[in-house]
Amino acid sequence: ERETCILTNNDAIHIKDKIEIHDTLTMHATYKIDFTLYDTLEKYFADKEFKFVLDAYYRSLSATDGVTKYFNAFSAIEFIEASFFKKISINKLIPENIINKMIKSIENEIETDVFNRIKERIKNCLLNSTKETRAEKLCAILNEVFEIYEIKSGVVNNNIDISFIKKIIDLRNSLFHGKKIDENLQDEIKCKSLELILLLQNILINWKT
């Protein structure tokens, strides 16, 4: 900025010259539509199993209480157990023909109404019994069906193996049977809830059925 004085009839006239510089920045952005969202929406409305797991996932995220968060997430895990166990190789604890022989052997020894009840209980229990434990079957579903062998995000870094599955099942059983929740258990619930939510996220991403 420059200032000069010009004297006219003993009067001082001040003249200021200003130089102004303006910078202009123009940006062009290209927006790309992610069409995988539409694939997800299509699955959501067409696949009831996917819809259940996705709903449970968001219920877990929105829950503020740690126990509620854990149960919402684990409900989806139990649903997956029931829905996908036929997709893995399992070994029956007792062959079906042996079970049928057992049932036949008591058929004439017990009154009909009681026999029918016993027959259904035997079938429901023994036909679904396998040499593999619950943890082994669930681990096989996650590894073989959904191809999930580890979960990683932030502080969460776990291998999806028998040890991990046993821990989440044991915690579920403790909570289900009303174990007293102290400060240490609260911290464990929070940690395992985050792990289960991340596991559900991986299941949804790898959903191929």
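What covers the buried residues of α3? I looked this up first, and the cover includes α2 (48-62), α6, α7 and α8. Contact here means heavy atoms within 4.5 Å, and buried means under 20% relative accessible area, with exposed over 50% and partly exposed in between (1.4 Å probe, protein chains only).

**Ground rules**

I am working on a predicted model, in which local features need pLDDT of at least 70 and side-chain atom pairs count only at pLDDT 80 or more, while totals for chains, interfaces and linings use all residues. Residues are numbered from 1 along each chain as its sequence is written, and side-chain values use heavy atoms, with hydrogens and water left out.

I noted the confidence next; pLDDT is the predictor's confidence in each residue, from 0 to 100. The protein chain has a mean pLDDT of 83, and 79% of its residues reach 70 or more.

**Overall layout**

I counted elements as DSSP runs, numbered from the N terminus: helices are H or I with at least four residues, strands are E with at least two. The protein chain holds 8 helices and 4 strands. Along the sequence their pattern reads β-β-α-α-α-α-α-α-β-β-α-α. I find 31% of the 209 residues counted as buried. Of the contacts with a separation of 6 or more, 63% are between residues 24 or more positions apart.

**Helix α3 and its packing on α8**

I checked the length of α3 (residues 66-84). The expected span is 1.5 Å times one less than the number of residues. For the 19 residues of α3 that gives 27 Å, and the end C-alpha atoms are 27 Å apart, which agrees. Buried residues in α3 include Tyr70, Asn72, Phe74, Glu81 and Phe84.

I then looked at how α3 sits against α8 (residues 183-205): the two helices pack at about 35°, with their axes 9 Å apart. The axes are lines fitted to C-alpha atoms, for helices over the stretch in contact, and angles run from 0 to 180 degrees between N-to-C directions. The crossing of α3 past α8 is left-handed, a term that applies if the near helix is turned anticlockwise from the far one by less than a right angle, with right-handed if clockwise.

On the α3 side the contact includes Val67, Tyr70, Phe74, Ile77 and Ile80, and on the α8 side it includes Ile189, Leu196, Leu200 and Ile203. By class I get 13 nonpolar, 2 polar and 2 charged residues. Ala, Val, Leu, Ile, Met, Phe, Trp, Tyr, Cys and Pro count as nonpolar, Asp, Glu, Lys and Arg as charged, and the others, Gly among them, as polar.

**Helix α6**

I repeated the length check on α6: its 12 residues should span 16 Å, and its end C-alpha atoms are 16 Å apart, which agrees. Is α6 largely enclosed or largely open? Since 9 of its 12 residues are buried, α6 is largely enclosed by the rest of the structure. The buried set includes Lys137, Cys139, Asn143 and Val145. Its cover includes α3, α7 (162-176) and α8.

**Either side of α6**

Ser129 lies in the loop between α5 (112-126) and α6. I count Ser129 as buried because its relative accessibility is 17%. Beyond residues up to four places away in sequence, Ser129 touches Asn91, Lys92 and Leu93.

Glu147 lies in the loop between α6 and β3 (150-153). Glu147 is not a glycine, yet has a positive phi of about 55°. At 45% relative accessibility, Glu147 counts as partly exposed. Leaving aside neighbours within four places, I find Glu147 in contact with Leu142, Asn206 and Lys208.

**Strand β4**

Asn158 is in strand β4 (residues 156-159). Outside four places in sequence, Asn158 is in contact with Glu150, Ile151, Phe164 and Glu195. From Asn158 to Leu199, 41 residues apart in sequence, I noted 9.8 Å, C-alpha to C-alpha.
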